[in-house]
Structures are given as C-alpha cells and as structure tokens.
Amino acid sequence: MSTDSELRLAVPEGTLIVRPLHARAVRVRLEPLGAPPETPTPALDPALAAACPPAFSTQESAEGVTLQTNRLRVLFDRATGALSFTTPEGQELLREIPGSRHLRPVTVQGVACHAVEQAFDSPPGERLHGLGQFQDGHAELRSVPRRLIQVNTQIAIPFYLSSRGYGLLWLQAGLTDFNPADTVVPLVKDAVEGPLFSFTVTGSTGAFTDTGRTSTYEGVLEVPADGDYALYLDYGVMNNRRQDLRIDGRPVIWQENFWLPPSVGVVVPLTAGRHRVQVSATQGEPRLAWRRVEERTTLRTPHAFALDYIVFAGPLPRDVIAAYRAVTGAAPLLPRWAYGFWQCRERYKTQDELLANAREHRERSLPVDVIVQDWQYWPADQWAGMQFDPARYPDPVRMIATLRDELNLRLVISVWENVSKDSDLGRAYAAGGHYVPDSPWLDLTRPATRAAHWAAMRERLHTLGVAGWWLDATEPENDALAGKLTHLGPGELHRLTYPLYVSQAVAEGQLAAAPDRRVCILTRCAFPGQQRYNSITWSGDIGGDWDAFRRQIVAGLNYCASGLPYWTTDIGGFFRPANQHTDPAYHELLTRWFQFGAFCPVFRIHGFGTDTEVWRFGERFEACARAMLELRYRLLPFIYSAAREVAVDGATLMRPLMLDFPADPRIHAFPYHYLFGPSLLVSPVTEPGLAAQTLYLPGEGLWREFSTGQPRTGGQTVEAETPLERIPLWVKAGGIIPLGPVLQHTAEHSDEPLEIRIYPGTSGVFTLYEDEGEGHAHGQGAFSSIDFHWDDAARTLTIGTRSGSGFPGMLATRTFHLRLMEPESATPLTNGKSATYRGSREIIAF
C-alpha cells in the first residue's frame, strides 16, 4: 500500500515500510506485528519531521513493487521478500541477501523488544569506510568484525560508506555487531601468570595507580579450507592493557595502551586445517570467535524496537555524505577561533600557571587561539562541581578577562557528567532526580536534566566568560548505560546515544543564553546527528608511540567518513614516555604528529601529566612547530572557506582518498594519505628515520607539489624528500589556495595582501568566504563570498563580483598577489601579478 509519504508492505514478520526522506535517502523499517508507535530517533534532524517528503512514484507488478525518487530506486522482490537499491538508470548499489532478515522477540529489563539482523551483498572489490572511530588500525572495513559500543578511544557511529556509491545508516541506538563472528575457539588459561606490574592512569575521579598481571590463553582453531577468515577477540572489559593474538606463533593482533577498547577484529588468510592460537590478557577473560569471509556485510543488534536502516545514494561518496547531512542535520560553522591552535595539557593547576604559559606563547610569537583548562580545577571535595577552587584560582573572572582582552585567547574548560553526589551540585542534582538510577552519571536523555545541567554550567562557568566546552567522558565512560534504566528506557536500547544528548544540552542552552555567540564543544564521543550541535570529537586517551600515531590517522579518516566533520587527536599521544622532554626519538614522533595535527579539522596538542608547550621539547622541535603553526594560520582563509562548504554543502574537510577517487584501485595501499579541503593531498610521515617517502598521487589528473608547483601525473607513485621539517603536500591541478599573512590569533586584523596560489593544469574554482567569525549574522547575509575561476586554456583568472552584504571589519578593498605555481613554464614562481579588488568582477591574464 502506498501513501503520500511511504510504501507499506505486508511480510511474514510484520510490516515493511519504505519511506523516502530525501531524493537520495530512503528509510527501511520492519515493524513487528503489534509494535508500539514509532518514537523519534535523535539521529535524525528534528526539522525532517515537518519537511515535505521528496517526490516519488510507485509501481506494482507480478514480480514486485518499485519505489523511485529522481535519484534512487528501491525494488521489493515478491518471491524472496528482499529489497534492492539502484540508481534510476538501474545500476545496482546495494541489495539485501534473501532470507537474511531476522526479527526475534526478546526482553531486556522487563521491556519487550527484538533482536534484529540484516545482511547485504558485498561483491569483491567493494571498499567500506566509516563506523566512527576505532583503534584497530583498519582503514578499510569490508569483512572486518567490530562491536559498536561507546568507550574511551572508541566511537560507535553505525554508518558506513561504500565505494559502490551508497551509504548505510543502521538506525539503532543499542550495541551493534558489524560482521559478527559466531564460532567460538575454546581457550585454556596457562596456570603460570606473568609478573605483577603497576601503572598510573586517569580515571573518572582522578589519576590513580593500578596493578595487573599478564595471563596467557591457548586454543586450537580448525578451519575447513584455504581462505580469508574474520577473527573477533573480546576481552569483555575496558581496562585490559594489551590486545595480543598469535596464530601459529605469528602476531595478527597487537596493541598496548593503558586504556584499550574491550574488543578488536581482524581478517587473516589461513590454510585448511588446525592452527594453534595464543591470546595474552592483563584483565578480563578473552573470548575468540571466527567465521569464513563471505561476500556479505551483516549488522546485528540484540536489543531494538524494530529493524531500521537508511540507504543513501550517490553516485559519488561526497553526494552520499551530503544526503546524510540533509537527513541527520547540517554541521554549522564553528567560531573562527576554533580553527586556530588549541594549547591543552593535563593540566594547569593554578590560575598563575595558566596565565604564565598563555603569556609566554605571546612573548615567543607562537600563534595560538585557545587555552584549555582540564579537569580538577574544582575543590577536592566538589568532584566535577563546575567551580574554581578559590585557593588555586582566586579570581577566575579576571583570569578569563585577561586571556580574552589582553592576550586574545579563549578559555575552553572541562565539564563532566558524573558530578559527585557528595558535592553541593551533586546533592542538588540528586534532589531533582537527575541521575541515572544506581549510577554516577546524569541522565541527559531526560529533557529536565539537560535543562538543569546547562543551568548549572551557565551559572558557574558561562557567566565567567568561558568561551567553549570540553565535555569529557561522554560515552558515558566505558559503556556505563548497559544494565541501567534511563529516562528513555533500558540502557541496552539507548546506550549509543548519550554523547549526543550531552552536546544537545550544552548547545541548545548556550544558544538560548547567548544567541550572539557560536557554540564550540570538544567531546570524547559521538552519535549520528551530533554534528548539529557544533561538536568536535577527539580520539581519547591514546598512547604516545608510532603505532598509536598511525592508528589515529585511519581512525580520524573513518570518523570523518561517518558524516561527522570535526575531529582531532592528542598531538603526541595522551600517555607519553617519562623522558618525553629530553628524548630525541620522541621529539621526532612529536614533530611528525604535530605536522599531521596542522592538517586536522581542529589543531590541538594534549598529554597526561605533562607540560605540552612546544618550547619545552628543545629548540629544534620548537622551530618545526613554529613553522607548522605559521603555515596553519596562513592557510586559515583556505580552511575557513572550506568549513563554509562543510556547513552549507555537506562537504568533508578531512577525508580518505575513497571519497574523491572511489574507482582508483591503488589507493587502499596508501591508507595514511588523505585529502584536506577541496584540493590538498596530505601525506604524513608515519615511520621514524625517513629521509624520503613513497607517495601515491590518486586518479588520472595532474598534481603539483604545494611549495614548488612541480607537476606529476596522477596514478603513479613519487619519491618525496622528508627531512624532519617537512610534511609532503600536493595540490590537485586546478586548485586555488589563498594564503594570508602569519597571524598570532584569528581575531588579529590585517590589511596585508592575500597570496592566491593557482595550480594550473586544468580549470578550477575556489570560493573565498569570510565573515566576522562569531555570532550568527552570516546566516542573514552578513558575509563576503568571492568566486575565483581559473581558465586553464585561456590562462586567465576571473575574480567574481563579491556576494553577501558584508560584515563589521570587512576590507572593502583588497590586494591579491596572484602566483601561478608552474615552474616548468616561462613564468617563474617568483613572478606573479597583483590585483586591487573592490568587489567587482575582474579578469587577469597570465
């Protein structure tokens, strides 16, 4: 039966609903017989409910039923009951595997619900990205088993993006297994345990020292045939310090850190027969399971109200992301200062210490916009009470005013949602019924609790002048809703959504209290739709070694491929070596990590129990860091303009190569290469001691080296020199990159010319966007937008007529230094042209 908004089909399990949400997005929902009314999901933009559905048509035949928008076609096969998804022209994007749809009644905490499962065809050559942020090191996810839960360093976003031109959002808020492995390998614990060891880490109530031993488990894995096998290793606890699986003595999983996610998966080739497996553990009882790799992708959720998912159609991956944002919500512009450098450490302990370090940045002329006050600024008996300890911070109003008015720095401050029930604030929260029962965590799924939490933040911090919010441990820490009863119901049904509700509380509260300021939130976890709340996510309490560094690159790229555009990492790692300030080997890692950080959406350093200021690591590192800081600030016109495209057009600032080059089969061999902004290719140096690095230039077009303009044709590898001071950067031909002067902060006003670099080889466009960097007047037209168009055949640059009504402080007259980046031509790089621009269209010939 077809209605004005959806197609409803009777199937043996209940009612199958196919509902277009957007020309490129269709929601599929299987409701069991007698199901309660559908409840809103926080993943979807609330505005979607009031929007008119996209135009679509339906057609029935003896074979099946077809629903079609102008971008996507859905076919229901009467014989199998399965759905398939194609372009309007008939090119298959995705199809359900017949018979793989499962809906089984279960009960959790006395609430009736269902275990749901669906499998989809995944042909050879398909590449998948997304699923949030994981520490398993996998850049490409086809066949990899993963358990989607929220824990420190791991963010579960049940969305993935395919090189075939579609995306899938599994619309569930509970634990989900992606490509589950069900055949268990019995493991026997060795009677002899390793020696006792101790370590100091952070916990939800402060730093503490813990101890542990390494235990060894052994078993036999017997497989029926040669082939690829998926292995899933689950320790069952968060505080295991090692993930270690060996098959026939060969390591196939290895990672160490003070905090590791409970589970990890891998795909390995095995020969038929018996294989000896060995697992090491410092905590928990490991469980190992396996399955043979098949041409399918399976999703399984043990507690759900209905089988529910959304398919997004491309054909290009960037079209999929744009449709995803249209359905789950746009990602507004952050305040301009958020795109500068964030100075952060664990932690400043006094007001004087914080101000002294802030002043030293300015005295050394090191560009910076944000200084972060990490946790425990509160009195010892007021855990997470959102108040400064008067003994250590005697005048926070003056401190924040000094940062803002004298030093042009914004203060971002740490806020936790597990306020001690023995604190003044905790007692007030408890009296209001704001805690999850039998839990230290506030129940922010409850609207009244969100309002109360923001009211406390406003009274205790916002009125002091705090500019932004570091919302820590918003998983809540280590999957803490499992087994708890929230305002919405059993935690098992809602456990992934908590971080979104935390951001919602703060964003909506601040917008109501200060409508003239943009929200800026840094948080440790996320859920689809959270981008609506100006949320930046960082990768948690990671290690400080080369292995951890490499894992962060692919973790961040997959997070951004999950549709949430703002991500960052602790430059240098959170847990660092004790001799970090004097160890040249660590300084090399820190330098390479800092270079990578300069090309993340948000540029931020952090570390546990340490002074992270760049001058503390010696003169050479300070010089390297200064060069990257200055380059980041010179690139701000490029970055801020690209951020506008994120907000308006659903673009992705930092992205894996697959988003732009889905048909290039060689990109998977270069997982640490990525694209930044519309045209920059970034290739971080990920190994120590490299004087040169092999790079891959994707696609078939021309590329040019960022600084010299040297050309190379795409589809080939090149050797790039990589002295410590250099990160390889290339620009797609046709790229136009504006560079500003070196600034000390983003609010610094300068009438110096902008350098406009043109990388010829094909025609290209770039839109230079500017506004006042704060507030929301840009939404009413208070901005400047200037289109640049390079005509490669005519060798002319057209600067278009300025659009927008302007903004306070806008330069009505601009000088552009135009630089053609082609050293092979008769025009050397040192010879450019200048243009005085007053807002009217101009054409400059080269």
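## A tour from cysteines to rings

Select Cys560 first: this residue counts as buried, at 0% relative accessibility. You are looking at a predicted model. A disulfide needs its sulfurs within 2.5 Å.

Move to Cys624. This residue is buried too, with a relative accessible area of 7%. Its closest cysteine sulfur is again in Cys600, 18 Å away and too far for a bond.

**Colour by confidence**

The mean for the protein is 96, and 97% of its residues reach 70 or more. Select strand S18, residues 197-203: among the elements, this strand has the lowest mean pLDDT, 63. Then select strand S29, residues 341-343, which has the highest, 99.

**Helix H1**

Select residues 317-328. This is helix H1, with twelve residues. From its first C-alpha to its last, H1 reaches 16 Å, close to the 16 Å expected at 1.5 Å a residue. Which residues of H1 are buried? Pro317, Val320, Ile321, Ala323, Tyr324, Arg325, Val327 and Thr328. Step just past the helix to Gly329, which takes a positive phi of about 120 degrees.

**Aromatic rings**

Next, show the aromatic side chains. The count comes to 45 aromatic pairs. Pick out Tyr160 and Phe178, an edge-to-face pair. Their centres are 5.7 Å apart, with 65 degrees between the planes. Tyr160 lies in strand S13 (residues 155-162) and Phe178 in strand S15 (residues 176-178), so the pair ties together parts 18 residues apart in sequence. Buried or exposed, Tyr160 and Phe178? Both are buried.

Go on to Phe549 and Trp593. The ring centres are 5.1 Å apart and the planes are at 35 degrees, so this pair is tilted. Phe549 sits in helix H8 (residues 546-561) and Trp593 in helix H9 (residues 584-597). The pair links distant parts of the chain, 44 residues apart. Phe549 and Trp593 are both buried.

Now select Trp375, Tyr377, Trp378, Trp383, Phe388, Tyr393 and Trp416 together. Ring pairs link these residues into a cluster.

**Charges over rings**

Two stops remain. Select Lys421 and Tyr435: the lysine lies over the face of the ring, 4.8 Å from the ring centre. Finish at Arg757 and Phe706. Here the charged end of Arg757 sits over the ring of Phe706, 4.9 Å from its centre.

Technical notes
Residues are numbered from 1 along each chain as its sequence is written. This is a predicted model: local features need pLDDT of at least 70, side-chain atom pairs count only at pLDDT 80 or more; totals for chains, interfaces and linings use all residues. Side-chain values use heavy atoms; hydrogens and water are left out. Buried means under 20% relative accessible area, exposed over 50%, partly exposed in between (1.4 Å probe, protein chains only). pLDDT is the predictor's confidence in each residue, from 0 to 100. Helices (H or I, at least four residues) and strands (E, at least two) are DSSP runs, numbered from the N terminus. The expected span of a helix is 1.5 Å times one less than its number of residues. Rings of Phe, Tyr and Trp (its six-membered ring) pair if their centres lie within 6.5 Å; planes under 30 degrees apart count as stacked, over 60 as edge-to-face and the rest as tilted. A charge sits over a ring if NZ of Lys or CZ of Arg is within 6 Å of the ring centre and within 35 degrees of the ring normal.
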